[in-house]
Amino acid sequence: MALLHISSPHAHKAGHAGNLMRQVIIAALPGLAALCYYFGWGPLINVLLASVLALLFEAAVIKLRRRPIGFYLGDYSAILTALLLALALPPYIPWWTTTIGIFFAIVIAKQLYGGLGQNPFNPAMIAYALLLISFPVEMTRWSAPFTLIDGTSGAALPSFGDALAIIFGQAQLPDAVTMATPLEVFKHKGAVTTEELWSQSALLNGLEPWQGISLAYLAGGIYLLIRKVYTWHIPGAMLFSLFMISGFFYGSDPSNYAPPLFHLTLGATMLGAFFIATDPVTAATSNKGKLIYGASIGILVYLIRNWGNYPDAIAFAILLMNLTAPFLDYYTRPRTYGHKQAQRGIGRK
Amino acid sequence: MSRIWSFHGGIHPPENKRQSLQRPLERAPLPAQLILPLQQHIGAPATPLVEVGDKVLKGQAIAEPTGHVSVYLHAPTSGTVSAIDCYPVPHPSGMDGLCIVIEPDGQEQWIEHQGVDDFRSLEKAELATLIRHAGISGMGGAGFPTEIKLHLSDDHIVNTLIINGVECEPYITADDTLMRERAEDIIGGIEIAAHLIKPTHCLIGIEDNKPEAAMALTRAARNSELDIEVVVVPTKYPSGGEKQLIKLLTGVEVPFGRLPADIGIVVQNVSTMAAIYRAVHHGEPLISRITTLTGDALANPGNVEVLIGTPISELLAYAGADSQRLNRLVMGGPMMGYTLNDPQIPVIKTSNCIIAATAEEFPEAAPAQDCIRCGHCEQVCPVGLLPQQLHWFAKGKEFDKALSHNLMDCIECGACSYVCLSNIPLVQYYRFAKGEIRREQFDQRNAEQARIRFEARQQRLEREKQEKADKRKARAETASRAQTARKALTPADSQPATVDPQAQLKLLKTAAAVARTKLKKADKALVQAQTDGVDDLAELQAAIDGAKAKAEQSQQALEQAEQQNPAPPPTLAELKIAAATARTKVNKTEKALADAETKGVPSADKLRSSLEGLRAKADAAQLALEQAEANTAPPAAAEEMDIKQLKTAASIARTKLKKAQKTLQAAQEAGEDSASLQQQVDQLSQQSDTAQQAFAAAEAAQPKSTGPDLKALKSAAAIARTKIKKTEKALADAQQKGLASATALAAGLEKLKTKAQHAEQALADAKQLANTETVD
């Protein structure tokens, strides 16, 4: 009878970091489905391509680092990164763009910092920002959802084969199906008032695809909240602050600013709020810190969307707040039992 | 119903309490031997009162407390002490400890004991001593001596007595069973505790997963005079932690570094209360307790009343353990209990549960993955820490940061480890970090002590050195003082101590002169400045005043010194020189004056006046010289004048006398008045006599040892011989001429011859003497 000599605790909740990642991946699937529904096979091909590449790069680096490959690939973190990046990319972006993005995300933004848990920046968003700055043409060539092509069914969308051909450079995306995103339209409205833009633009009268996708992400996010994968603090604070600031400006000047719902449902707001800003590795830790972190992202998103150079701002806002997370952690520590107040800052009191 | 507060975090692990509640409370069989560790409590190990071979009775004290924080130990049954030695004891480290081993005789023969009829009639101290002698220590966890917690000093005012019946750890049902079966004992114990500490409230905290226990206690409490409230709290781990329970029931937090008693709260376990009741009302010491036997490896899990010291192997056998499936033996709960690596380890006063777990029940931890900072640990931490941050710091050995993140507040409840998705053994990291920090602090304290000691030593050495130096200095000073004293004494005897004061006087003179010069210069500078209109007049004035003061001072000092050490009277020679100089000056000036007068120079008046001054000076000098001569001459003559001088003086006197006689003769021949001359001659002859006498006296006073001068003696002898020859010639001449004086000459010749003979003799003597002297 060999008795184990192990220190407490002896009970352990059945859990695995991979489980958490898997849950997030599962929660993102409705969003992926919605994207495919409105834009065709492109997003799915992107996700698959990105996932394969991510696993390859991850395996290569782990091999270089002489760690057990299976153990590390089993945490699903590479696939999650690939999924999130692919969901953020335009549906028919060329393969090499995705490849560069995944390489940068996995090898440089994650593994060079020491792998999972050590990266200061969200790898998917680092890659997204890199691609947006380096390849603006490819990164802004969004196709139109089928609702705006023929309005009835997905028949106008490229077939699976066509989609493959487009992504791997064998064919061009037909001009008829490329168009600007609603945020771009609004960004470049110039002197036109909101009301005029609304009456002119067919696009702005057909927002339903983007709103549908956002709803799908929201549903996934609520699932994750229910499963207690993360707390409500970051997405709640982010959406609330975005709502408040856009509401404030819209309320003060409705003809110049977009309504709050426009900001909440378009672009990558929901994807960012429930899938990217909540990345625990790069976010603030304490509940108070999470509130500040999320709220700041919401405000930054609004500021960059309105006064920055880019129509959407989730990646930049999140990366900026990634920078501040360690600082937030030092200044938003919870009060420990029996202590009058929480410790603040780096020094010891 | 009291309000219930909440504490941060907490977890809901599977309770697993049902298994051990299937059977009623049983009594474990008497084991073959009882192993009683001397330390079953916090504090110092007890000191044995028995020796190997001693017969002991049930309830007999076999070890007494060592110091204040320590506990009595009693024989759980009657029997023989078979050993007092080291055996494995229940401890997380698996270490050995000193134990008393008793072989039961099976008689269960009690020592004489009886309870107290009315504990309220006892003094507080008496009651506390009773509890102390019953060997009761906290039975819920750490095992702190109960009597100390109940017998607080008067400056602790307790307002709340909390009885902990929470039993939040999974698997354990010992307290649940006790509360169901012996609620009256618990209430009785609470009454005793309340009598000792006089709280305003008594609260019993029970989790809502033990409704029967809560019911039983509520019923029992109704019969009590005290207002005891049973508070049902939601099931959540670790509600049973002392600090967490206090927060739950009172909303108050125990401040960091303080004890519950500091905020007027005392927490006691229900089992401890029952033990107090048994001790006070029945006089039974703490010799048994209820322990849960559970775990999937047991066929008959349940609660048993076991004697303290019963080896666990006996209990496992009793509960039907499957040794094939038994993988991990845990004492305590699955969250904070520790593994036992030897089934011979005995049950002690704090052993509330033994889990015989299978590998499936407590699987080996999965390999730890990277922390993804998911934050679940932070959500469950009951203390409000940031466990993942602490993990990073512990892993990176950044202990100062861990400390600033309140690592030391961690109660090691294991909630963070329980929820960790990456299977990181967080509590182990914290234990490691805490151990390292304690070691560092220990080292620091040691280093600090060493530093203090070193500095004290340095100071002592320095002080000793200084003292030595001082002593040396003091010695040197006394020696030098003695030296100067000796010096001061010796010259006083031999030489007049005029040298030192003279030099001093000289110095003072110089100083006075210098001061005067300075004063003059300063005066000049002032005048110059006044004419030039320079600003710093005040400074100059001050300088002058200073110089004046100095000059006066030095002058005064000089005068004083002169008074104290009058200048030695000038010698005759000096006076003579002074007089001569004065005369010469007078002469010169006279000449110059004459010259000036003849030339009609205007400075003649000046010269005249200075001439008068000089004349006066010269007169004064002459006077002084004469006085000095008069004062010093006779003694000086007696002392200083050598015989030669005396001789000369005598011969001069004689010559003068002869001259005077001649003059007198001539005057008499000339027929003049010779009375005054005669007088003069008498005087002179008298003087001549005195001189002659002085000469003779001096010659007589000449020390004999000096010996006669050889030369003088030679010449004397020669002279004598020449005189003899001359006298012989004169005699022969006179005899030839037939003069009358021939006889006189012959007589003189005879005399001379004797003289010559004497002289020759003296010369010979002297020569001989000189020779012997040279030889010596």
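**Helices, sheet and interface in chains A and B**

Trainee: How far apart are the end C-alpha atoms of helix H4 (residues 183-197) of chain B?
Mentor: Helices and strands are DSSP runs numbered from the N terminus (helices: H or I, at least four residues; strands: E, at least two). The expected span of a helix is 1.5 Å times one less than its number of residues. For the 15 residues of H4(B) this gives 21 Å, and the value computed between the end C-alpha atoms agrees, being 21 Å.

Trainee: In this predicted model, what pLDDT do local features need?
Mentor: Residues are numbered from 1 along each chain as its sequence is written, while chains are lettered from A and ligands numbered from 1 in the order in which they are written. As the model is predicted, totals for chains, interfaces and linings use all residues, side-chain atom pairs count only at pLDDT 80 or more, and local features need pLDDT of at least 70.

Trainee: How many of the 15 residues of H4(B) are buried?
Mentor: A residue is buried if 20 or more other C-beta atoms, placed from the backbone, lie within 10 Å of its own, exposed if 12 or fewer, and partly exposed in between. H4(B) is largely enclosed by the rest of the structure, because the number of its 15 residues that are buried is 13.

Trainee: Which residue follows H4(B) and has a positive phi?
Mentor: Most residues other than glycine have a negative phi. After H4(B), the chain reaches a residue with a positive phi, near 50 degrees: Lys198(B).

Trainee: In which order do the four strands of the open sheet in chain B lie?
Mentor: Two strands pair if DSSP finds at least two bridges between them. In this sheet the pairing is parallel. The edge strands, each pairing on one side only, are E11 and strand E12 (265-269) of chain B. The order of the four strands is E11-E10-E9-E12.

Trainee: Which residue in E12(B) stands opposite Ile163(B)?
Mentor: E9(B) and E12(B) pair in the parallel sense over five bridges. The residue of E12(B) opposite Ile163(B) is Gln268(B).

Trainee: What angle does the direction of H4(B) make with that of E9(B)?
Mentor: Two residues are in contact if their C-beta atoms, placed from the backbone, lie within 7 Å. Axes are lines fitted to C-alpha atoms, for helices over the stretch in contact, and angles run from 0 to 180 degrees between N-to-C directions. H4(B) packs on the sheet and touches E9, E10, E11 and E12 of chain B. With the direction of E9(B), that of H4(B) makes about 155 degrees.

Trainee: At what angle does helix H7 (residues 270-282) of chain B run to E12(B)?
Mentor: H7(B) lies across E9 and E12 of chain B. Relative to E12(B), H7(B) runs at about 80 degrees.

Trainee: Is Asp208(B) buried or exposed?
Mentor: Asp208(B) lies in the loop between strand E10 (201-207) and helix H5 (211-222) of chain B. Its C-alpha atom is 5.8 Å from that of Thr235(B), 27 residues apart in sequence. Because Asp208(B) has 11 C-beta neighbours inside 10 Å, it counts as exposed.

Trainee: Is Leu407(B) buried or exposed?
Mentor: Leu407(B) sits in the loop between H11 and H12 of chain B. Its C-alpha atom and that of Ala433(B), 26 residues apart along the chain, are separated by 8.3 Å. Since 22 C-beta neighbours lie inside 10 Å, Leu407(B) counts as buried.

Trainee: Which element gives the most to the side of chain B that touches chain A?
Mentor: In this interface, 54 residues of chain B are in contact with 35 residues of chain A. Several elements of chain B each supply at least two residues of that side, among them helix H10 (387-395) and helix H13 (426-493). With five residues, the element that gives the most is E15(B).

Trainee: What is the phi of Tyr76(A)?
Mentor: Tyr76(A) lies in the loop between helix H3 (69-73) and helix H4 (77-88) of chain A. Tyr76(A) is buried, with 21 other C-beta atoms within 10 Å. Although Tyr76(A) is not a glycine, its phi is positive, about 60 degrees.

Trainee: What is the omega of the cis peptide bond from Tyr237(B) to Pro238(B)?
Mentor: Most peptide bonds are trans. Pro238(B) is in the loop between strand E11 (228-233) and helix H6 (242-250) of chain B. The bond from Tyr237(B) to Pro238(B) is cis, with omega near 0 degrees.
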